[in-house]
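Here are my notes on the model, in numbered points. They cover the aromatic pairs and the ligand site.

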Amino acid sequence: MAILTLREALNQAMSEEMERDPSVFLMGEEVAEYDGAYKVSKGMLAKFGPMRVVDSPISEAGFAGLGVGAAMCGLRPIIEMMTWNFAIQAFDQIINHAAKMLYMSGGQYKVPMVIRGPHGAAHMLSAQHSQCVDHMLVNCPGLKIISTIDPADAKGLMKSAIRDDNTVLFLESEMLYGRSGEVPDGEHIVPIGVGVVKRPGSDVTLVAWNKMVLLAQDVATELEKEGISVEIIDPRTLMPLDEEIIFNSVRKTNRLVVLEEGWGVASFGCHIVDRVVKECFDDLDAPPERVTNLFVPMPYNERLEHEVMPTAERTIAAIKAVLYK
Amino acid sequence: MTQKLSNQLLVAFYKEMLLGRRLEERIGQLYVQQKFSGFCHLYIGQEAVSTGCLNAIRKGQDYVITGYRDHVAPVVLGMDPGVMIAELLGKVTGCARGKGGSMHMFSEKHRFMGGHGIVGGQVPLAAGAGWKIKYNKEDLVSLCFLGDAASNQGQFHEALNMAAIWDLPCIFIIENNKYGMGTAISRTCSLSNLSDRAKAYNMRQAVVDGRNVVNTYNQMKEIVEETRKTSKPILVEIQTYRFRGHSVSDPGNYRTKEEVEKERSRDCLVLLKETMLAQKAAKEDDFEKFEEEIADKVDAAVAFAEDSPEPELDELYKHVLV
Ligand SMILES: Cc1ncc(C[n+]2csc(CCOP(=O)(O)OP(=O)(O)O)c2C)c(N)n1
């Protein structure tokens, strides 16, 4: 096993799949000659040439739509969005075209495409550059959505995403491209729709994904000192969601906290709580809690930005609330 | 177009451009010293565009909007540089109370509709200002700055079409600095003359040499008056160059040294200085005085910003809704 950064793991997954399947190509702003705005596609132009690693104009709706058309005709595009904030310009293509094509055509037209890029807040980029898009996309049927920052998971899930015959959205984090971890060499596949127990525990289930997993781990370590044992579940895939892994954990701990970056109104955390309340009602010893961004656009000022994001304090308070401590 | 400007105007333009330049050099230093974070896109090299265009309009009455490379335009429009830097540092005295930062300067008082972080997103907003002007039968124009690469965006084309069919008094200004981040415009646009995009909308078009502030000002003056009179939009391509990378963290390796040196040899400040000396608008030692005067202004601006308080936490929920 090699130690790779998140960006290297994604690069490896895309490169291996492009070597395996000539119909896979990568397109996006700055992906080729610049090696990617966050250097995720470093060296890929040299390896695959300009027909397979393609610099696009700044036309998100345009090149996302081009991806949909190419996928309908048998290619397997990977579309890099410099960040998902800008992909909002392409939501028409993603929601009205990619997600519904198979359904509307009665199963005739598949759209096997991956759209990937970082999302969420980075650092002091203000409101237009800091959005989490999970909740905006999860309620549209026809899409698979992956959200991870773990290098090994990212490699394995990216390979699955590229091979998947559906449109798969892949949510990364620009702050964590340089974070490293062990990544299996070669054919390492992680199936879409399977969550993982990041840390076993017995007192409370804490569901977290993407960069919130790191906060969850810090909080769990902190609470261990007080004798509170936190089980962390990372679903890795938001759609389809591995509900069983969450239900099983709640049946064991009897308590649930969902920790998510992004706004909390009608969020993905609401969906998880809804499913758990329905399926594990008798197992719950306390009403579930959610920790989310505050319901304001992201301010630029650093202190205010920290305040908006989920904090360790708020997460600990939520955990103590479900423990009645 | 070759019309001479008064000595007084030349001096004013020089000081304005010098202020923009020195402010941004200081901003670059503050960034490297980690006095603030986020993105920092400098405008160095393009100063003659702001000065030439914004002095051709009625400041404070005509509407102005731009993208994220937005430190200089509001200052040329009259914003206190201290208030601009305070915004950069995230202070509550900043023009957006520390909530907008580098990419989102705003000043309603100066009719500056902002810096915008989504490439091309500001262009339909400029059409909206044009619509308001026409709706109220006002004697004003709407000035929209965008980058060369932004003219590849769908929103740009939709906005131009609407401005054209409804005769909106909009002046769309492509500041062609030849690159969108690391990608040369020639690789993303099939036209070599970006103002030709106007043809698709049966719109007037113009090309301006944006290094020469005298030309820029004279040409823009005509364009603004024509637009005010006819309420017909126009697409202007202003040729310029950014001397630094796309942002402070971009070394700009996609450009050759020779190219950058060649472009720097046509520095708008140097060109204007030559004109002023030739026209005897100023003597050699006047330029030292200009530098001193501007250095004091920059120092005062930074001191004001650094001494300003951070926003209180309750600022978070202010301005989410009215
Ligand atoms: C919709 C959107 N896509 C991508 C980006 C990332 N991005 C920021 S600036 C930029 C280049 C824009 O170049 P140009 O319009 O020529 O303006 P310049 O930087 O030259 O002033 C890109 C791709 C963005 N901010 N918004």
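1. A residue is called buried here if its relative accessible area is under 20%, and exposed if that area is over 50%. By that cut-off B:Tyr14 and B:Phe287 are both buried. Please keep in mind throughout that the model is predicted.

2. Over all chains, the whole structure holds 11 aromatic pairs. One of them joins B:Tyr14 and B:Phe287: the ring centres lie 4.9 Å apart and the planes meet at 85°, so this pair is edge-to-face. B:Tyr14 belongs to helix 1 (residues 7–32) of chain B and B:Phe287 to helix 10 (residues 284–307) of chain B, so the pair ties together parts that are 273 residues apart in sequence.

3. The rings of B:Trp131 and B:Tyr135 have their planes at 40° and their centres 6.3 Å apart, so that pair counts as tilted. Both residues sit in helix 5 (residues 123–135) of chain B, four residues apart, which is about one turn of the helix. B:Tyr135 is exposed, because its relative accessible area is 60%.

4. A:Tyr34, B:Tyr179 and B:Tyr254 make up one aromatic cluster. A:Lys39 lies over the face of A:Tyr34, 4.1 Å from the ring centre. B:Arg255 lies over the face of B:Tyr179, at 5.6 Å from the ring centre.

5. Where does the ligand lie? The ligand is placed between chains A and B. There are 22 residues around the ligand, and those that come nearest are A:Glu60, B:Tyr68, B:Arg69, B:Gly117 and B:Asn177. By residue class, the shell divides into 10 nonpolar, eight polar and four charged residues.

6. From chain A, an N or O atom in the side chain of A:Glu60 is 2.5 Å from a nitrogen atom of the ligand. From chain B, a polar backbone atom of B:Val119 is 3.0 Å from a nitrogen atom of the ligand, and a backbone N or O atom of B:Asp148 is 3.2 Å from a ligand oxygen atom. Taken alone, the ligand exposes 580 Å², of which the protein buries 95%.

Key:
Residues are numbered from 1 along each chain as its sequence is written. Chains are lettered from A and ligands numbered from 1 in the order in which they are written. This is a predicted model: local features need pLDDT of at least 70, side-chain atom pairs count only at pLDDT 80 or more; totals for chains, interfaces and linings use all residues. Side-chain values use heavy atoms; hydrogens and water are left out. A residue is near a molecule or strand if one of its heavy atoms lies within 4 Å of it. A polar contact is a pair of N or O atoms within 3.5 Å; within protein, one must be able to donate a hydrogen and the other to accept it, and residues adjacent in sequence count only if both atoms are side-chain atoms. Accessible areas come from the Shrake-Rupley method with a 1.4 Å probe; for residues, only the protein chains shown count as cover. Ala, Val, Leu, Ile, Met, Phe, Trp, Tyr, Cys and Pro count as nonpolar, Asp, Glu, Lys and Arg as charged, and the others, Gly among them, as polar. Rings of Phe, Tyr and Trp (its six-membered ring) pair if their centres lie within 6.5 Å; planes under 30 degrees apart count as stacked, over 60 as edge-to-face and the rest as tilted. Helices (H or I, at least four residues) and strands (E, at least two) are DSSP runs, numbered from the N terminus. Buried means under 20% relative accessible area, exposed over 50%, partly exposed in between (1.4 Å probe, protein chains only). A charge sits over a ring if NZ of Lys or CZ of Arg is within 6 Å of the ring centre and within 35 degrees of the ring normal.
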